[in-house]
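Notebook open. I went through this model and wrote down what I looked up.

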Amino acid sequence: MSPFAFKVKIYPSLCFYIIINAKGMKGLQGKTPKERIERLLVDIRENKTGAVERFLKEIQSTVLAFGIKVCGGHMEDAKDTMQEVLIQFFRGARRLRFKDPKALTVWLYKVAKNACLMSRRRGKYEPGELLSINGGLREGDGANISKQMDLPDWSGVPDRILFEKEKKQIVQRALLELPLDYRLILVLRDMEGLSTREVSEVMGISESNAKVKLHRARLYLRDKLSKHFNGLM
Amino acid sequence: MRREERFGCSETLNYLSGYLDKDIDGSLYNMISKHIRSCKPCRSLFKTLKKTLDLCRKFKPKVEVAEVKEEELSKTLKRELEAFRRFIQGQKKC
Ligand SMILES: [Zn+2]
């Protein structure tokens, strides 16, 4: 038996809902992963019944989901990585004397990011490290977008179609085409719910640099999704 | 005034993330709103970028975590978790 017997299963990108025990999770729905972690840290601090167990469960699914988003579910030794992340997180929190939930979540994502980078096998295909400001808009459009009258607006496609399972695979795949640092920034900001300041802290870059990269990453992702969604209109 | 005259598609493109995050100053925000109303491609860009962010926020890969049983936790992890709990609750000794 694995020393880390959490019985963790990862489904590479076939299914898309985090199944968590609903008990004690009321009030956490609709919140971002970051907000949920912060909330549960407050519960631990206030010594609420079952808070530690709920936190442990939440932190596991958050770290694993983060790993899948960033590394595409090809995390080798996910269980070991998870154990490492949790232990490093707990130890570091005490060493660095982080008690504040906000400081703790930034710390958690730093540890999770580093673990993900370490465990990640470099794929054969690594996208280039720079994205243009146009994020996939065709050459020259940035300066003269109005000439491109055919920029399709697929935002009107009903959500029930856009949010189908197969469409989510499109999001996952498009995400993985982003260069790693852009992908990390976009996941942290737009999926995990960190502020741009917190993203810059996790990434160890300036906030303005984080904003520039976030903008490029978003435009790039939009462009990738457009290729699939234009046809649904 | 001059800023407004020169304000067009490329400026809208440059500030669109800041616009979506409401992270730009008011006059810039208003110029973009105005431009988007009158420029169809920028409006499409804005709406599809906004939808892209909606999709991101709702994106959840499936992760199934089985019920964590106390006896299944590794000793080290258990010890660290307990020390962490005491630490953030402000208790002295671990
Ligand atoms: Zn325009």
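I started with B:Lys22, which is exposed because its relative accessible area is 63% (exposed means over 50%, buried under 20%, partly exposed in between; 1.4 Å probe, protein chains only). The model is predicted: local features need pLDDT of at least 70, side-chain atom pairs count only at pLDDT 80 or more, and totals for chains, interfaces and linings use all residues. Residues are numbered from 1 along each chain as its sequence is written, chains are lettered from A and ligands numbered from 1 in the order in which they are written, and side-chain values use heavy atoms, with hydrogens and water left out.

B:Lys22 sits in the loop between α2 (9–20) and α3 (26–38) of chain B (helices are DSSP runs of H or I, at least four residues, numbered from the N terminus). Its phi is positive, about 50°, although it is not a glycine.

I then checked A:Arg97. This non-glycine residue has a positive phi near 60°. I found it in the loop between α3 (78–95) and α4 (101–119) of chain A. A:Arg97 is exposed, at 59% relative accessibility.

Next, the zinc ion. Its protein donors are B:Cys9 (SG), B:His35 (NE2), B:Cys39 (SG) and B:Cys42 (SG), 2.1 to 2.3 Å away (donors are N, O and S atoms within 2.8 Å of the metal, 3.2 Å for Na, K and Ca; water is not among the atoms, so sites may look incomplete). Their spacing along the chain is C-x25-H-x3-C-x2-C. B:His35 is buried at 12%, and B:Cys42 is buried at 0%.

Last, B:Ser44. I placed it in helix α4 (residues 40–58) of chain B. B:Ser44 is buried, at 4% relative accessibility.

Technical notes: Helices (H or I, at least four residues) and strands (E, at least two) are DSSP runs, numbered from the N terminus.
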